[in-house]
Amino acid sequence: MDRLVVKAPSGTYTVSFGPAIWREAAQLASAYSQVLVVSDTNVAPLYAERLPFQVLELWPGEESKSLEMVAALVDDWARRGLDRFSLVIALGGGVIGDLVGFAASIYRRGIDYVQIPTTLVAQVDSGIGGKTGVNTAWGKNLVGTFYQPRAVFVDPSVLETLPEREITGGLGEVLKYGVVQDGKLFAQVSRDISAFYQLDLEVAAPVIRRCVEIKAEIVAADERDLGLRHILNHGHTFGHALERAGGFSFYHHGEAVLLGMLLEARLAHLLRLLSREDLVKIEAGLRRVPLEYRFSHLDKGEVLSALQQDKKNKQGRISFILPRQIGSVEEVLLSLEEVEGYWDEVIRA
């Protein structure tokens, strides 16, 4: 069993990798008074039987990340008699992880939860680090907490049941780690894109572990997203705006991050932060992922309105994490008028 330790200021926990994680998760859970697996109707039929506990299945999709669903969850847990010494297991992708983590953080003022991420996005990013949250009409993840899991269990082999679109979305987060922290990782993943679609675990598993390693180092240094952790928002300012403009249904999260990375690399070049050479490399690497990189269908007003509502904004200015080179980024604050001025160049075909 391969393990990696996340040393967050609020608590240390282990991320375990490999096919034996199911047994280890069950062993950890056996110490609790009651255990509930929370999953969705896509994932539960595939993997819930590997865990010998009761299962609650939710409707899949971003629409479930709502305050209404949080209320339904805590009511369900109360009816089941879950107490402060109970454990909930989030079995699924980022939606399940964010939702269950948030509900766990507020139920009885906080009960333990475990993450078993089953999508590439969740395995490399959202399942680690303790960010929880739900969406509102005003923005994505606008309500949430920082609440670290008791443990995280990653079995890369479950990715074989993912549709191609989920692999595409996951590659957005993987490539993000390369741009913000590890140029060699960006080059390798760009070169080996096909290995992820073929589920070549000799390639994919070490990449997943490297992404978790980067995330763990950043969370240890800045758990509450007050400084260094901001770099992980690269691609997310435009990305979240695209998600919101699409009603949280047109784009999957990772797809929006990929598109956001492209837009933000172009913006960095226009601001003379990023060289033409690195812009070309970033665009070429991103375009190896099979996704339609076009923006003519976007409603400019809707995207700009979403940017204004971004929770990362500071003093009325929009916060972007822009690349200076592949492997290094910095925060740049721009007014809405400045972003609008660059709009036509940023969304060019």
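Helices here are DSSP runs of H or I with at least four residues, strands are E runs of at least two, and both are numbered from the N terminus. With that in hand, welcome to a short tour of this predicted model.

**The cavity**

- The count comes to 1 cavity of 30 Å³ or more.
- About 100 Å³ of space lies in the largest cavity.
- Its lining is made up of 13 residues, and those nearest the centre are Gly-139, Lys-140, His-240, Ala-306 and Asp-310.
- Of the contributing elements, α10 gives the most, with 4 residues.
- Sorted by class, the lining holds 5 nonpolar, 4 polar and 4 charged residues.

- Leu-199 is not a glycine, yet its phi is positive, at about 50°.
- You will find Leu-199 in the loop that links α8 (193-197) and α9 (201-221).
- Gln-315 is likewise not a glycine and has a positive phi of about 50°.
- Gln-315 sits in the loop between α13 and β10 (318-325).
- With a relative accessible area of 79%, Gln-315 counts as exposed, because exposed means over 50%.

**Where the topics meet**

Methods. Residues numbered from 1 in each chain as written. Predicted model: local features only at pLDDT ≥ 70, side-chain atom pairs only at ≥ 80, totals over all residues. Heavy atoms only, no water. 1 Å grid on protein atoms, 1.4 Å probe; cavity = no way out; pocket = protein on both sides within 12 Å on 5 of 7 lines; lining within 4 Å. Points joined across faces, edges and corners; volume = space filled by probe spheres on them. Nonpolar A, V, L, I, M, F, W, Y, C, P; charged D, E, K, R; others polar. Buried < 20%, exposed > 50% of the residue type's maximum accessible area, 1.4 Å probe, protein only.
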